[in-house]
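Dear colleague,

I am handing over the structure we spoke about, and it is placed just below. Please look through it once before reading my notes, which follow after it.

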Amino acid sequence: MILFSGRRISTILAAVFMCGMALPAETEESSYVLALSWRPAFCESDNGAGKTECRWLDVGDWAASHFTLHGLWPNADRNGDGRMDVADDYCLPPESRARAVALDKSDWRNLPAVTLPSDLQQRLSVVMPGTASRLERHQWIKHGTCSGLSAPRYFAAGVALTEAVAGTELGSFISARMGEDVARGDVLAALAAEFGKSSTRALQLICRKDEGVSVLSELRLRLRANAVEAPLSPRSFDTAKEAKGNCPARFRVVVAE
């Protein structure tokens, strides 16, 4: 057995953070999930309470009225076992993978920093306020390393898609109804009006219960693997299978306080 020192592992991780790994080509079954959080709801949850970005959240912030970037998750059979599951995350060299997973599950601050161009870093900090808790380090090591993209390309894609959703009829519909109850059918109709009825098959609406009321906490869009670096369009959506969410017929869009 070959043992690697902590310094050796850190060097390997840092190199992967900068460049990503060479991965198999995307297949027809490959896709990505763009996960976008509704920040006011997240900050009211047990997971968000006390986090730096939630303590700083102000009603005038972009994150208070737009979906924010949780992650951009490749969905492909990376390890070749015939399944697409959590075993396909953390695409790292075998000698460093276990250590990286342990660090990721303990404290994201212990993961290597993600180095991005200053303008991209600024845009990322706006659409992903979780960078205050080093969310980008977690997203990169768990998902970005499996994208086949460099860190700048991976985060540029996530930022651009998040900004694009904010400008859609779907994004505008939700932003205009903060503090109100909305119908799931109306949310789907807003997406269909701009991208076609089939696009709704790619939309997953995630809700949680807050004192007996269902509140929107996240939306997820399944996108074609070869479309994540292109402008959002009807061709972006992976509609092969219908996405299933858990939001009821009506749910609430909470407002930042």
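**Disulfides and their surroundings**

Counting the bonded cysteines along the chain, the disulfides follow the pattern 1-2, 3-4, 5-6. Please keep in mind that this is a predicted model. The count comes to three disulfides, and a disulfide is a covalent bond between the sulfur atoms of two cysteines.

One of them joins Cys43 to Cys54, with an S to S distance of 2.1 Å. Cys43 lies in helix α2 (residues 39–44) and Cys54 in helix α3 (residues 52–55), so this pair ties together parts that are 11 residues apart in sequence. The torsion about the S-S bond of Cys43 and Cys54 is about -80 degrees, so this disulfide is left-handed. Cys43 is buried at a relative accessible area of 16%, and Cys54 also counts as buried, at 14%.

Another disulfide joins Cys91 to Cys146, with 2.2 Å from S to S. This pair links distant parts of the chain, 55 residues apart, since Cys91 sits in the loop between β2 and α4 (94–106) and Cys146 in the loop between α6 and α7. The link of Cys91 and Cys146 is right-handed, with 105 degrees about the S-S bond, and both Cys91 and Cys146 are buried.

Cys207 and Cys247 also form a disulfide, with their sulfur atoms 2.0 Å apart. Cys207 belongs to strand β4 (residues 203–210), while Cys247 is in the loop between β5 and β6 (250–252), and the two are 40 residues apart. With 100 degrees about the S-S bond, the link of Cys207 and Cys247 is right-handed.

**A strand and a helix**

Turning to strand β1 (residues 31–38), eight of its eight residues are buried, so the strand is largely enclosed by the rest of the structure. In a regular strand the side chains alternate between the two faces of the sheet. In β1 both faces are covered, with Ser31, Val33, Ala35 and Ser37 buried on one side and Tyr32, Leu34, Leu36 and Trp38 buried on the other. β1 pairs with β2 in the antiparallel sense over eight bridges, and seven bridges join β1 to strand β5 (residues 213–224), again antiparallel. Val33 stands opposite Trp73 in β2 and opposite Arg222 in β5.

In helix α5 (residues 118–127), the buried residues are Leu120, Leu124 and Val127. Seen down the axis of α5, these fall within an arc of 70 degrees, so they line one face of the helix. They pack against β2 (67–75), α6 (135–142) and α7 (151–166), whereas the face of α5 turned away from the buried side carries the exposed residues Ser118 and Asp119.

With best wishes

Methods. Residues are numbered from 1 along each chain as its sequence is written. This is a predicted model: local features need pLDDT of at least 70, side-chain atom pairs count only at pLDDT 80 or more; totals for chains, interfaces and linings use all residues. Side-chain values use heavy atoms; hydrogens and water are left out. Buried means under 20% relative accessible area, exposed over 50%, partly exposed in between (1.4 Å probe, protein chains only). Helices (H or I, at least four residues) and strands (E, at least two) are DSSP runs, numbered from the N terminus. The arc is that of the directions from the helix axis to the C-beta atoms. Contact means heavy atoms within 4.5 Å. Two strands pair if DSSP finds at least two bridges between them. A disulfide is a pair of cysteine sulfur atoms within 2.5 Å.
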